[in-house]
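Let's walk through a protein together, step by step. Keep the picture in view as you read, and look up each residue when its name comes along.

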Amino acid sequence: MKKISKLYVSLSILILSVSSLNAQSIPDSIMTKINNFRGFYETLGKTYPVHADVKVDETTIAGVKSFWFNKNLLPQKKITIYLHGGVYTYGSINAYRSMLTHLSASLNTSIVYVEYSLSPEHPYPTANNEVLNVYRELTKNYPNHKISIIGDSAGGGLAVYLVNDAQKANLPMPSSLALISPWIDLKCDNESYTTKQSVDPILKKDFLYSHALMYAADKIKEADPSEIKFKKFLPVFLLVGTDEVLNDDSKNFYSYIKPIQQKAKFKEFVGQKHVWLFSHIDSKESVQAMSDIKEFISAN
């Protein structure tokens, strides 16, 4: 954990030094650091083995590389779309394969992992548009299937943004969202960015904000899921650790959504860090989280 935190701090300092530049003009030296960190991020997804009973198939959906987990379960007429974290800059199938095999086995459903394009090479709104296009294609190809969304960290923000985009496009809504440690406030203004820093060994405010700038530059307000005003929303389950700087992102979004969606649910996991399932899939808290998500998705 300390090694990860030091790498985050080092990288955020470098990125903040060029954050005023257009994403396409990031110096080669910074891109080298980013690519090196992408390689390191992939190693984090190998802390435990894949679930041996889950088959993974690569595919392309709406022009976006994606992966099916347990596609053989499609006759159940249920699909879960998974949107990964990584501050819009990191994350790949190599990082998430193990976790998603276990999640798919636990949920007993087909999961589609979306390999959306990363910043800074592909800044906002590229990832948002790709996620919307994948969702539109799945609703078209599987019209009688119940589609739910799970997102962690930045993927949680993408999931919230997808709801808004799907509403504007008059698409059928997902049945529910489950958001694990979601990063919803790109401005990084919530109190927990400071009050929880002493107990969060993974994320730092500067690291998050530097990547928000790299992702959205001068369009942060437009790209920020916390700035979206909803008149209606779907059932959403927010899961967050007590020991993470993103704690208030979940609390505040829950407080905002609950009055317009009575099926909204919020749960804190005591002592847990950012996206704890990613690090320890067999822990009591991870097993409980997967069970809670399964129950919520099944009920909605």
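Is Ser117 buried or exposed? Ser117 is buried, because its relative accessible area is 18%, and buried means under 20%, exposed means over 50%, and partly exposed is in between (1.4 Å probe, protein chains only). You can find Ser117 in the loop between strand E4 and helix H4 (126-141). Leaving aside neighbours within four places in sequence, Ser117 is in contact with His122, Thr126, Ala127 and Glu130, where contact means heavy atoms within 4.5 Å.

Before we go further, a word on what you are looking at. This is a predicted model, in which local features need pLDDT of at least 70 and side-chain atom pairs count only at pLDDT 80 or more, while totals for chains, interfaces and linings use all residues. Residues are numbered from 1 along each chain as its sequence is written, and side-chain values use heavy atoms, with hydrogens and water left out.

Now for the overall picture. The chain has 11 helices and 8 strands; helices (H or I, at least four residues) and strands (E, at least two) are DSSP runs, numbered from the N terminus. Along the principal axes, the C-alpha atoms fill a box of roughly 50 × 40 × 35 Å. A compact globule of 300 residues would have a radius of gyration near 19 Å, and the chain agrees with this at 18 Å. That radius is taken over C-alpha atoms, and the globule rule is 2.2 Å times the number of residues to the power 0.38. Of the 300 residues, 58% are buried. Among the contacts with a separation of 6 or more, 79% are between residues 24 or more positions apart.

Let's step inside. Ser104 lies in helix H3 (residues 93-107) and counts as buried, because its relative accessibility is 0%. Not counting residues up to four places away in sequence, Ser104 touches Val54, Phe69, Asn70, Thr109 and Ile111. Another helix to look at is H9 (residues 247-257), where Asn247, Asp248, Asp249, Ser250, Phe253 and Ile257 are buried. These buried residues of H9 pack against helix H5 (154-168), helix H6 (192-195), strand E7 (236-241) and strand E8 (265-269).

Next come the aromatic rings. The structure holds 20 aromatic pairs. Rings of Phe, Tyr and Trp (its six-membered ring) pair if their centres lie within 6.5 Å; planes under 30 degrees apart count as stacked, over 60 as edge-to-face and the rest as tilted. Phe67 and Tyr113 form a tilted pair, with 6.2 Å from centre to centre and 55 degrees between the planes. Why does this pair tie together parts that are 46 residues apart in sequence? Phe67 lies in strand E2 (residues 64-69) and Tyr113 in strand E4 (residues 110-114), so the pair joins those two parts. Both Phe67 and Tyr113 are buried. They also belong to a cluster linked by ring pairs, which includes Phe37, Phe40, Tyr41 and Phe278. Elsewhere, the charged end of Lys265 sits over the ring of Phe237, 4.6 Å from its centre; for this, NZ of Lys or CZ of Arg must be within 6 Å of the ring centre and within 35 degrees of the ring normal.

Finally, look for pairs of opposite charge. A salt bridge is a side-chain nitrogen of Lys or Arg within 4 Å of a carboxyl oxygen of Asp or Glu, and by this rule the count comes to 8. In one of them, the side chains of Lys187 and Asp224 meet at 2.7 Å, N to O. Lys187 lies in the loop between strand E6 (177-180) and H6, and Asp224 in the loop between helix H8 (220-223) and E7, so this pair ties together parts that are 37 residues apart in sequence. Asp224 is buried, with a relative accessible area of 0%, whereas Lys187 is partly exposed at 27%.

Asp243 forms another salt bridge, with Lys273, and here the closest N and O atoms are 3.1 Å apart. This pair links distant parts of the chain, 30 residues apart: Asp243 is in the loop between E7 and H9, and Lys273 in the loop between E8 and helix H10 (276-279). Asp243 is buried, at 16% relative accessible area, while Lys273 is partly exposed, at 24%.
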